[in-house]
Amino acid sequence: TKHKETVAVKVIRRVQRYVEDALVEVGIMDDLLRNRGASRHCVRLFKHFHYRDHLCIVTELLGRSLYHAMKDMPRRRGDGLRE
């Protein structure tokens, strides 16, 4: 963002169904942002854009990514997770 804060970027593959669903998500987050009472309980949407036909959604960063959290968890046999 303009203030050099760390943000989260969600990249949606260029599959039409995924992009359509993500645009609905963007619309909902935009509506919540306009309703200030609801926006304090939801992730803030900063912007969205297309890059090489992929949809990118930029939001505030709330914490560590799921990838990093799972990477730090002890592995159990048969959990179906790959490294």
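**The strand pair and beyond**

Guide: This is a predicted model. Six bridges tie strand S2 (residues 45–51) to strand S3 (residues 54–60), and the two run antiparallel.

Visitor: Which residue does Phe 49 stand opposite in S3?

Guide: Cys 56.

Visitor: And how many residues lie between S2 and S3?

Guide: Two, in a hairpin. Arg 52 sits in that turn, with a positive phi of about 50°.

Visitor: Switching to Glu 60. Where is it found?

Guide: In strand S3.

Visitor: Buried or exposed?

Guide: Glu 60 counts as buried, because its relative accessibility is 16% and the cut-off for buried is under 20%.

Visitor: What does the side chain of Glu 60 reach?

Guide: The backbone nitrogen of Arg 44, at 2.7 Å.

Visitor: What else does Glu 60 touch?

Guide: Leaving out residues up to four places away in sequence, Glu 60 touches Ala 8, Cys 42, Val 43, Arg 44 and Phe 46.

Visitor: Zooming out. What pattern does the protein chain follow along the sequence?

Guide: β-α-α-β-β-α. In total, that comes to three helices and three strands.

Visitor: How much of the protein chain is buried?

Guide: Of its 83 residues, 16% are buried. The accessible surface is about 7400 Å², and carbon and sulfur atoms hold 53% of that.

Visitor: What about contacts between residues 24 or more positions apart?

Guide: They account for 47% of the protein chain's contacts with a separation of 6 or more.

Conventions: Residues numbered from 1 in each chain as written. Predicted model: local features only at pLDDT ≥ 70, side-chain atom pairs only at ≥ 80, totals over all residues. Heavy atoms only, no water. Helix = DSSP H or I, 4+ residues; strand = E, 2+ residues; numbered from the N terminus. Buried < 20%, exposed > 50% of the residue type's maximum accessible area, 1.4 Å probe, protein only. Contact = heavy atoms within 4.5 Å. Areas by Shrake-Rupley, 256 points an atom, 1.4 Å probe, with all protein chains shown as cover. Pairing = 2+ DSSP bridges. Polar contact = N/O pair within 3.5 Å; in protein donor to acceptor, adjacent residues only side chain to side chain.
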